Amino acid sequence: MTAFVNQLPIGLSIGAVLLLIALGLTFTFGQMGVINMAHGSFIMAGAYTAYLLQDLVLALPAAFLVAGAMGLVLERLAIRHLYGRPLDTLLLTWGVSLVLQQLARDLFGAPNVQVSAPSWLSGGVGILPYNRLFIMGLAVAGVVGVWFYLTRTGLGRRTQAVVQNRQLAATSGIDTGRIDMLTFFIGSGLAGVAGVAVTLIGPVGPALGDYYIVDAFLVVVAGGLGQLRGAVLAALGLGLLNSYAEFWSDASLAKVIVFAVIIAFLQIRPQGMFVLRSRALT
Amino acid sequence: MIRRHLPFATVAVIALVAAPLLLEPFRLGLLAKYLCYAIVALGIGLAWGKGGMLTLGQGVFFGLGGYSMAMYLKLTEAGGAGGGLPDFMVWSGVESLPALWVPFGNPVFALGMAVLGPMAIALILGTLVFRQRVRGAYFAILTQALAAAMVILLVGQQGLTGGTNGMTNFFELFGQDLAEDSTQRGLYLVVASVLGLLYLATRQLVNSRYGRLLVAVRDGEDRVRFLGYDPALVKTVTFAISAGMAGLAGALFVPVVGIISPALLGVVPSLELVVAVAVGGRHALAGAVLGAVVMGYAKTAFSEQFADGWLYLQGALFILVMTLAPKGIAGISRSIAGRLRHARAT
């Protein structure tokens, strides 16, 4: 029982990291049909930003801007030309992530580096270490921020319109190109923030993003495209499932179990937890 | 008739006669390795190019084939099933041969599993996924997750699979010394022939009614369903065929290269093969094969020169191919041929 409880903060904090990563993915995927494999590199960029600054409070906004700017450049230079060809964007962005990873290896060296956590994050309340609590708080802030943006601001409402029906949105006078840029910026920025978060629970290396990106995509698949609720539930579920499967079986079987659960889940809900209703034939 | 088969016949003669005569054993071994990858690429060309299923997990099937073969080789070397233990098991402290390993002492079983095992997994996964109309990017993500899970499983089960190091140190295959040049040349001929035969069979398949149905499913799945066909079945069967090809390629790869390890079949190698197909041209089966050989050669050549530069080059190559020439080498050559024909006609 104690082991069960002890595992809880680990599962929740992994879920929180996955959530921050998946928030960006689910919107770029849902809105533009872009499978962005370079998203993992944005996580890495955020983590190295934290490494360079060695100051958590400064690192959060800096990582958001750095990763967001990288996303913006990628969207403008490359992805923009490939809309409507999701599988091609997947391969293109993977090429980008290869280049970025090698760049990180050349700039910072191949070995892992460490980011020193601030002293006010050591310790904890009961079984909850402060650093994991901080990550969860970050995820909550991220979700609330995205929710506020999407439902309470004009730009956000326009974003939702583009997610629901791009052509109709464009005919209503929404500049879909600008909305795409903005979505990409925010989504990539959140990946950067997630990168800062993971520096609190592990070392930083050039291949950091690879570790999370596959799971983050599974969150998008299980949660449903462009669905905030879906992303939250799926990320927490996957984080907990991951940590408990690792705990009860062994680490090597955990991913297989998670995979089987996702496939089983898709038998009941093939399009994820929440589906955007539409009459279009896909 | 003759003109249609001329390109294939020329390539076949070069591959089967000229290459073994002209290339030194080391280079021939490398070519055999690329041809193994080309078999996987052929399967990807069928599933992705013709069927529209982007599979990012072919490495899993390749690996299952490879591990089946490696298990057989390890067992013959250790003195047959039930006899001695493979070297890595001794190192990991395994005391008796695991039950999973026992049947792999039989070469027919091992080779059968190398092909049928991947096909069975693809059939199950395909049925579960395609029946629910999960497709496109979703399917790609799921296959990628499968590849990631597979690697972690193989690394974790050290006593069964050799962990991160995988299996290596194979000495003989069916009584032939693997270090001998003649054995390697024989293996090369086997790989080249298998590739040639599979290529012809796949081309036949694509030109059959079934192949047309497959392309129709790619271009308009719902229309095919409304016409009374079952697209899920068509896709599942195709996915299984491509998985079987990857498995066979893995089984051939092991004696040729002499190692199988998780690093050869994870997310990255699976994606690399898909990219090779894209570079060669996904819409033409020959393009897929060509792409695998060209990319394999390029990787070796550039890695020999400057190790790190290859990743930059590879990355840049994807970006260029995807933005400028999405149809790959085959697309470029086809449009040149089309222009020439046009010029001649006018």
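Which helix gives the most to the lining of the second largest pocket? I start there.

**Ground rules.** I am working on a predicted model, where local features need pLDDT of at least 70, side-chain atom pairs count only at pLDDT 80 or more, and totals for chains, interfaces and linings use all residues. Residues are numbered from 1 along each chain as its sequence is written, chains are lettered from A and ligands numbered from 1 in the order in which they are written, and side-chain values use heavy atoms, with hydrogens and water left out.

**Entry: second largest pocket.** H1(B) gives the most, with 10 residues. I note the term: on a 1 Å grid over the protein atoms alone, a pocket is an open set with protein on both sides within 12 Å along at least five of seven lines, and lining residues have an atom within 4 Å of a point. The space comes to about 1300 Å³, counted as what probe spheres set on the points fill, with points joined across faces, edges and corners. I find 36 lining residues; B:Pro7, B:Phe8, B:Val11, B:Tyr199 and B:Ala286 lie nearest the centre. Helices H1 (2-22), H2 (25-50), H8 (181-207), H13 (285-305) and H15 (328-345) of chain B give two or more residues each. Helices here are DSSP runs (H or I, at least four residues), numbered from the N terminus. By class I get 23 nonpolar, seven polar and six charged. Nonpolar covers Ala, Val, Leu, Ile, Met, Phe, Trp, Tyr, Cys and Pro; charged covers Asp, Glu, Lys and Arg; the others, Gly among them, are polar.

**Entry: chain A against chain B.** I looked up the contact (heavy atoms within 4.5 Å). It takes 40 residues from chain A and 45 from chain B. The two chains bury about 3700 Å², 77% of it on carbon and sulfur atoms. That is accessible area (1.4 Å probe) lost on being put together, summed over both parts. A:Leu91, A:Trp94 and A:Phe259 supply 17% of what chain A buries against chain B, more than any other three residues. I find zero salt bridges between the chains (a side-chain nitrogen of Lys or Arg within 4 Å of a carboxyl oxygen of Asp or Glu). On the side of chain A that touches chain B, H4(A) gives the most, with 14 residues.

**Entry: largest cavity.** A cavity is a set of points where a 1.4 Å probe fits but cannot get out. I count four of 30 Å³ or more. The largest has about 100 Å³. Its lining includes A:Phe27, A:Tyr149 and A:Thr183. H8(A) gives the most, with four residues.
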